[in-house]
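Visitor: I'd like a close look at a single part of this one. Could you put it up and walk me through it?

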Amino acid sequence: MDIFRAMAENGHEQLIFNYDRSSGLRMIIALHDTTLGPGLGGMRNWRYKSEDEAIADALRLSRGMTYKNAFAGIDFGGSKCVIFNDPDDKSDILLRAAGRFVEMMGGRIYTGEDVGLTPDDVEVMAQSTRYLVGRPHKSGDPSKAAALGTYASIRASLQHVFGDASPKGRRIAIQGAGNVGSDLARRLAADGAELFVSDVRAERAEAVAESTGAQVLDPDAIYDVQCDVFSPCALGLSVSGETIDRFRTRIICGSANNQLAVPEMAEELRRRGILYAPDFIVNGGGIVNIADEFEDGGYNRERAFARVERIGERLRQVYLRAEADGITTESAAERIAEDRIAALAQQQRHFVPRRV
Ligand code: NAD
């Protein structure tokens, strides 16, 4: 890979390679854009097939965090840590080494649990760094906040399409009955929505059905259900060349990361008149919740959740901008995030340090 070219293409600031002799840790730290503040993004431990694949993932994910954080209105830039070791071979020595490298960044990045790491792993890392977020005694498990943000986004989307935000009587299909999907279902059921739910682990879908009255569908059949909202809350790539013709929904709005298999799907959905709520906005509740740890006096769940609910208003701005500019909602969200970064960069250019 031509690393500098890859960095230049998307405007990355730094790519740092860390190696620990005693544990064999190989970790990449990517900083994309820190105009708004220190980098904030999780640490991923994955079985990458090659070094290039690990680098590409670090670059892609850190860029994604810049947009997610900027759009969420928090004062953090985008970064990501990627461990290029087999997640099954994690040891405490390796995790502490990862923590030491984060510590060496001196507060230029904050990180926390992501794919391939557990909350216990993060606690081991905490023995060697202060720069961790989402720990149990602080904001903790972000899934309730992610579900609230998704719920607020569904309401905003219903308002935009039907002129009424209420989920009452709306047919809503939830793909994935995990932490987020199950909490979302509970909220929507309380509002009187008609729910459909699927999970590859049937017992999870059954449990949600039992507590909410949802109808369980096979994981594949959920794409065909006639509904007002299709809510992907499982893994990514729900909208692909194979599924796009099957949707019988007016809105796609869910918490899953990377819902579009390829970027062109955003335009395809627009052409078909299906309103797409960009995933990085909808699932921003998790990061908004974490950012509250940095407020004076520390994390406050009530304040954090009130901020998470405002994701709905932000999403409405995206819909209006997309209509005004004649572009996809995905592009509109990126423009809004870029505007916020550009405005601050402009101020910083005019900033003249005081002489002492
Ligand atoms: P989870 O692992 O608790 O739940 C995901 C569920 O999806 C599991 O029950 C799994 O069996 C099911 N699933 C997998 N493939 C499926 C398929 N093809 N069809 C139906 N079900 C399938 O995860 P979660 O915490 O609920 O997160 C859901 C999504 O939201 C993920 O994509 C995650 O990255 C994203 N997200 C979560 C948070 C958070 O705080 N939890 C924050 C931001 C984004």
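What is the order of the six strands in the open sheet, and is the pairing parallel or antiparallel?

Guide: Happy to. Bear in mind that this is a predicted model, where local features need pLDDT of at least 70, side-chain atom pairs count only at pLDDT 80 or more, and totals for chains, interfaces and linings use all residues. Residues are numbered from 1 along each chain as its sequence is written, and side-chain values use heavy atoms, with hydrogens and water left out.

Now the sheet: the order reads E9-E8-E7-E10-E11-E12, and the pairing is parallel. Strands here are DSSP runs of at least two residues, numbered from the N terminus, and two of them pair if DSSP finds at least two bridges between them. At the edges sit E9 (215-216) and E12 (275-276), each pairing on one side only.

Let's zoom in on E10 and E11. E10 covers residues 229-232 and E11 covers residues 251-252; the two run parallel and are joined by two bridges. Across that pairing, phenylalanine 230 has isoleucine 252 of E11 opposite it.

Then follow the chain into the loop between E10 and E11, where you'll find serine 240. Its relative accessible area is 9%, so serine 240 counts as buried (buried is under 20%, exposed over 50%, partly exposed in between, with a 1.4 Å probe and protein chains only). Leaving aside residues up to four places away in sequence, serine 240 touches Ala261 and Met265, where contact means heavy atoms within 4.5 Å.

Definitions and conventions:
Helix = DSSP H or I, 4+ residues; strand = E, 2+ residues; numbered from the N terminus.
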